[in-house]
Amino acid sequence: MTASEPLTLDEEYDMQKSWHDDEKKCTFIILAPTFEKNRVGVSAKWGGMIGDVNLFFNDHDDPHSAEIEIMVAESSCRRQGYGLQALILMIRYAITDLNTTRLTAKISIQNTSSIVLFMDKLGFSEISRSEIFGEVTLEKVFSSEFVEWVMKDGPAEFARFE
């Protein structure tokens, strides 16, 4: 579950500009080709905006580590593979362009779908659980096998990483 509040289109543009200018943040917008709503600007020909996937480089001790998060806001587009596809593409980008070697994800304990996505599909492991904050922290340290799998298996080939 996300703590985000719905934004107006102008607020979304302002947020995207601030993120563009912040070297510690990276975002990809998730588009669905069959989703007819939210078609804006040059991306309209590829699909409607259904969510986003983000990286936050906030670990001052490890510049190669980032927190990753994903949100598929459009409920009609969930459980169709868009989240996994977006995560794989972001992880590829993190590896090849940002020299990332470790990711963490903080997920609401109630969001079992996201926990299953990260653990069962991408091989993340639980490193902590906070009942007070109601979240679990998952981690993936990139092994050579994982990097090979992410780079080889494309978004059209969703094999589980073991």
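In this predicted model, helix H2 (residues 82-98) packs against helix H3 (residues 112-121) at an angle of about 50°, and the two axes lie 11 Å apart. This angle makes H2 oblique to H3, and the crossing of the two helices is right-handed. On the side of H2, the residues that meet the partner helix are Gly83, Leu84 and Leu87, whereas H3 contributes Leu117, Phe118 and Lys121. The residues of this contact divide into four nonpolar, one polar and one charged.

The count of salt bridges comes to three. In one of them, Arg102 pairs with Asp59, with the closest N and O atoms 4.0 Å apart. Because Arg102 lies in strand S4 (residues 102-108) and Asp59 in the loop between strand S2 (48-56) and strand S3 (65-72), the pair ties together parts that are 43 residues apart in sequence. Arg102 also forms a salt bridge with Glu139, where the closest N and O atoms are 2.5 Å apart; this pair links distant parts of the chain, with Arg102 in strand S4 and Glu139 in strand S6, 37 residues apart. Asp59 counts as partly exposed at 32% relative accessibility, and Glu139 counts as partly exposed at 21%.

A further salt bridge joins Glu126 to Arg129, the closest N and O atoms being 3.1 Å apart. Through shared partners, salt bridges join Asp59, Arg102 and Glu139 into one network.

Strand S6 (residues 135-141) also holds Thr137, which is buried, with a relative accessible area of 10%. Leaving aside residues up to four places away in sequence, Thr137 touches Thr104, Ala105, Lys106, Ser125, Glu126, Ile127 and Ser128; of these, Glu126 is partly exposed, at 37% relative accessibility.

Terms used:
Residues are numbered from 1 along each chain as its sequence is written. This is a predicted model: local features need pLDDT of at least 70, side-chain atom pairs count only at pLDDT 80 or more; totals for chains, interfaces and linings use all residues. Side-chain values use heavy atoms; hydrogens and water are left out. Helices (H or I, at least four residues) and strands (E, at least two) are DSSP runs, numbered from the N terminus. Buried means under 20% relative accessible area, exposed over 50%, partly exposed in between (1.4 Å probe, protein chains only). Contact means heavy atoms within 4.5 Å. Axes are lines fitted to C-alpha atoms, for helices over the stretch in contact, and angles run from 0 to 180 degrees between N-to-C directions. Angles under 35 degrees count as roughly parallel, over 145 as roughly antiparallel, 65 to 115 as roughly perpendicular and the rest as oblique. A crossing is left-handed if the near helix is turned anticlockwise from the far one by less than a right angle, and right-handed if clockwise. Ala, Val, Leu, Ile, Met, Phe, Trp, Tyr, Cys and Pro count as nonpolar, Asp, Glu, Lys and Arg as charged, and the others, Gly among them, as polar. A salt bridge is a side-chain nitrogen of Lys or Arg within 4 Å of a carboxyl oxygen of Asp or Glu.
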